[in-house]
Amino acid sequence: MRTLAPPPASVAWGCREDPAPLVDDRCRLFADDYDPLPRAKWKPASLDHLIWHIFDQADGMCTSNAGTQAVMGCRELGGQERRVLAPSTLYGQHSRWGTGSTLSENVDALLKTGVCSAGFSGGEQPWPLSGLPKGWQQDAARHKILPGHVWNLAGQFDLVATALQMSFFGWIGLRWPGGGGHSVLCSSLLRQGNVWIVRGPNSWGPTWNGDGFFELTERQCSSMGSHGAFAVRAVISS
Amino acid sequence: MSRNQRSDSPSSVTWILPLLVLGLLLASRGCQSPGPGPGPGPKPSQVCLLIVEESQQRTPETAEILVSSELRTWLSQHKHLLRIVDPDAVDSSGNPPSVLDPYLAWRSAEANRSVTLPVSLLVRSDGSVYLGGPLPGSAAAVIDWVRANTADQAEQPRGSR
């Protein structure tokens, strides 16, 4: 099991607890549109083959890296041109260096502004935003989530599993045991015996744990505690 | 020129004008939005398989097709493109993206208005639709449908090119 483990010195930043998870007309509750699939009907599902790049995040930017990965995954699913995006240009819209961010802050920024391409911004993790070329907002606008095309999964494992079986990427936040948290994108639902496992690209480099992917059992997810979850289903065409 | 050969006689104009209009209408429909059958011309050798789906109403069965590795690999091996898009997709300007143009033209034909999503279209390189219809029920069926309606260069007899 290539599970996640907290950094050696547990820190208070990363994925922060979401005091007011985003729910509005741009981001509905998944449960309003779908019933969770009954477990008896669950089947393994994989979107792993749509992940073609793994980030090496900067401090505290896991949530923005996972959200950017979701945008890139949706582009790949839809057959759009492959384009490496720059997660720090998402993070810098709402948070300062080292503070971490919530899922809702990132979803909101991806709906309003988007995330720049690495080609435009001169790298995957440029910092700060004030150093970006003029007109970065126009570049970011090409990589937004379509309003109404993201769901709040209310942090429920059953809904993440259902979303994955519908071929929607699940974007989750988890609490480290010692404080702070981490966010990742889920691109697969696996089964080992009676145990259901989510898998996806971490943002700790392409060689972390061999291929850069984590795996977490349902029990591990619930024992860590949730900082929320969203499913992204479509992005701007560009 | 005798009177009988004159093309601008009142009786000729009466017949020719409607025929001309009808011909132009059919030509434009055939080019942009064929009905249930294939469009005019030979089977295209390379196409874009355009799938238009309402992702909010996606079913697990459709989901399996959309992400099928088998389908994506086969399309890539045969130099076909794949695009999957929502009917309400927009570009960064808020307008329908150009990738939707073939679908919107195809959809404008009377025969295609009642086809429910998801639909699959074979789009030629010039953006015209060769064939469209309901998305087949499995990835294998989609491959069969594309194979049957394209001139697969890899499967042509040797010496035919």
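## Close-up views of a predicted two-chain model

Figure 1. The neighbouring partner here is strand E7 (residues 195–201) of chain A, which pairs with E8(A) in the antiparallel sense over five bridges. To find your place in this pairing, look for A:Pro201, which stands opposite A:Phe213.

**Figure 2. An open sheet of four strands in chain A, with a helix lying across part of it.** The strand order is E2-E6-E7-E8, and the pairing is antiparallel. At the edges are E2 (45–46) and E8 of chain A, each of which pairs on one side only. E2(A) meets strand E6 (residues 188–192) of chain A through two bridges, again in the antiparallel sense. A handy landmark in this pair is A:Ser46, which stands opposite A:Ser188 in E6(A). Helix H7 (residues 157–165) of chain A lies across E2, E6 and E7 of chain A, and runs at about 110° to E6(A).

**Figure 3. Chain A as the setting for the views above.** Its secondary structure comes to eight helices and nine strands. The radius of gyration of chain A is 16 Å, close to the 18 Å that the globule rule gives for 238 residues, so chain A is as compact as a globular protein of that length. The C-alpha trace of chain A spans about 55 × 40 × 35 Å along its principal axes. Of the 238 residues in chain A, 53% count as buried. Among contacts in chain A with a separation of 6 or more, 76% come from residues 24 or more positions apart.

**Figure 4. A hairpin in chain B, built from strands E3 and E4.** Strand E3 (residues 119–123) and strand E4 (residues 129–134) of chain B run antiparallel and are joined by five bridges. B:Val119 in this pairing stands opposite B:Pro134 in E4(B). Five residues lie between the strands of the hairpin. While you are looking at the hairpin, do stop at B:Gly127, which takes a positive phi near 90°.

**Figure 5. Where chain A touches chain B, with B:Pro60 in view.** The contact takes 19 residues from chain A and 20 residues from chain B. On the chain A side, the residues that touch chain B divide into eight nonpolar, eight polar and three charged. B:Pro60 belongs to helix H2 (residues 60–66) of chain B. Leaving aside neighbours within four places in sequence, B:Pro60 is in contact with A:Gln165 and A:Met166. B:Pro60 counts as partly exposed because it has 15 C-beta neighbours inside 10 Å, and a residue needs 20 or more to be buried or 12 or fewer to be exposed.

**Figure 6. Confidence in the model, and two stretches of chain B to read with care.** The model scores ipTM 0.93 and pTM 0.88. Chain B averages a pLDDT of 81, and 71% of its residues score at least 70. Over residues 1–13 of chain B the pLDDT is below 50, and this stretch has three contacts in the model beyond near neighbours in sequence. Residues 156–161 of chain B also have a pLDDT below 50, with one contact in the model beyond near neighbours in sequence.

Methods: Residues numbered from 1 in each chain as written. Chains lettered and ligands numbered in written order. Predicted model: local features only at pLDDT ≥ 70, side-chain atom pairs only at ≥ 80, totals over all residues. Contact = placed C-beta atoms within 7 Å. Nonpolar A, V, L, I, M, F, W, Y, C, P; charged D, E, K, R; others polar. Pairing = 2+ DSSP bridges. pLDDT = per-residue confidence, 0-100. Axes fitted to C-alpha atoms, helices over the stretch in contact; angles between N-to-C directions. Rg over C-alpha atoms; globule rule 2.2 N^0.38 Å.
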